[in-house]
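Here is a friendly briefing to read alongside the model. Please keep the sequence and the 3D view open as you go.

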Amino acid sequence: DFEARVGKSIAQEYWALSERTVHHLRTIIEDNNIKCDLKDGILFTAMTAQEGDGISEGALRWQEKYQLDYMEIIDGKDLSQQLGTDIYHCGVLNHSPPTLPPLRYTLGIARLAISEGVKIFENTSALGYDDTGKQVIIRSDGGGEIKAGKLLLATNAYLGKLEPKLAGRFLPCYSAAAATEKLTDEQLQQIMKTDCGVLELG
């Protein structure tokens, strides 16, 4: 596992960093009143006994090593009552991490930035930049340029040639989400008795 590769001390530093990240996210949302439907907790679900043993053992191991008290192992029967389906073998509910709709959060951050005087240039590719020491010139497609006093690189994992020094340090992670038609309160109670994010493993 990760701790075996890097050592217990470094693994604990990474864990502490992830905890601070969650706190920082909550602080940004609360201090700036960003309406992004933030929810507490993620329910990790396993469809097979092998996957279930893996996440259950992992949860117990993390609880012991890092003195965590917010992970809850849920058996298949209780899980079916919470999610309205019996396809899962078991699950682990982590009460700590938040979930939110990324678009709502992004729009909230954009509104906050605009209120602070930031200009947003939508549909404008950033192909590269030059730092003259006095200003930064961002090169865009079609020969266009944007000039700014400072540059903040806030991208996803696909930097391309924008910043070669950083491109090799990112590892893309993939996930998928399903969208449904708007559900009634009764339907939501049948399939989401625990108001949190649900992540299916495998």
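Two strands count as paired if DSSP finds at least two bridges between them. Helices (H or I, at least four residues) and strands (E, at least two) are DSSP runs, numbered from the N terminus. This is a predicted model, in which local features need pLDDT of at least 70 and side-chain atom pairs count only at pLDDT 80 or more, while totals for chains, interfaces and linings use all residues. Residues are numbered from 1 along each chain as its sequence is written, and side-chain values use heavy atoms, with hydrogens and water left out.

**Overall build**

- The protein chain has seven helices and seven strands, and along the sequence they follow the pattern α-α-β-α-β-α-β-α-β-β-β-α-α-β.
- With a radius of gyration of 21 Å, well over the 17 Å that the globule rule gives for 202 residues, the protein chain is more spread out than a compact globule. Here the radius is taken over C-alpha atoms, and the rule is 2.2 Å times the number of residues to the power 0.38.
- Along the principal axes, the C-alpha atoms of the protein chain fill a box of roughly 60 × 50 × 30 Å.
- Contact means heavy atoms within 4.5 Å. Among contacts in the protein chain between residues at least 6 apart in sequence, 59% join residues at least 24 apart.

**Surface and charge**

- The protein chain has an accessible surface of about 14,800 Å², and carbon and sulfur atoms account for 54% of that surface. Such areas come from the Shrake-Rupley method with a 1.4 Å probe; for residues, only the protein chains shown count as cover.
- Of the 202 residues in the protein chain, 24% are buried. The classes are buried (under 20% relative accessible area), exposed (over 50%) and partly exposed (in between), with a 1.4 Å probe and protein chains only.
- The protein chain carries 21 positive and 29 negative charges, whose mean positions are 10 Å apart. Lys and Arg count as positive and Asp and Glu as negative, leaving out His and the chain ends; each charge is placed at NZ of Lys, CZ of Arg, CG of Asp or CD of Glu.

**Strand E1 and its partners**

- Strand E1 covers residues 39-46. E1 pairs with strand E3 (residues 90-99) in the antiparallel sense, over seven bridges.
- Within that pairing, aspartate 40 has proline 98 in E3 as its bridge partner.
- E1 also runs parallel to strand E7 (residues 197-200), joined to it by four bridges. Leucine 43 stands opposite valine 198 in E7.
- Threonine 45 sits in E1 and is buried, because its relative accessible area is 0%.
- Leaving aside neighbours within four places in sequence, the contacts of threonine 45 include Leu79, Tyr88, Cys90, Val198 and Leu201.

- Asparagine 33 lies in the loop between helix H2 (8-31) and E1. Its phi is near 50°, a positive value in a residue other than glycine, and its 53% relative accessibility makes asparagine 33 exposed.
- Aspartate 37 is found in the loop between H2 and E1. Although not a glycine, aspartate 37 has a positive phi of about 55°, and its relative accessible area of 39% makes it partly exposed.

**Helix H1**

- Alanine 4 belongs to helix H1 (residues 2-6) and counts as exposed, at 65% relative accessibility.
- From alanine 4 to aspartate 69 the separation is 65 residues in sequence and 23 Å in space, C-alpha to C-alpha.
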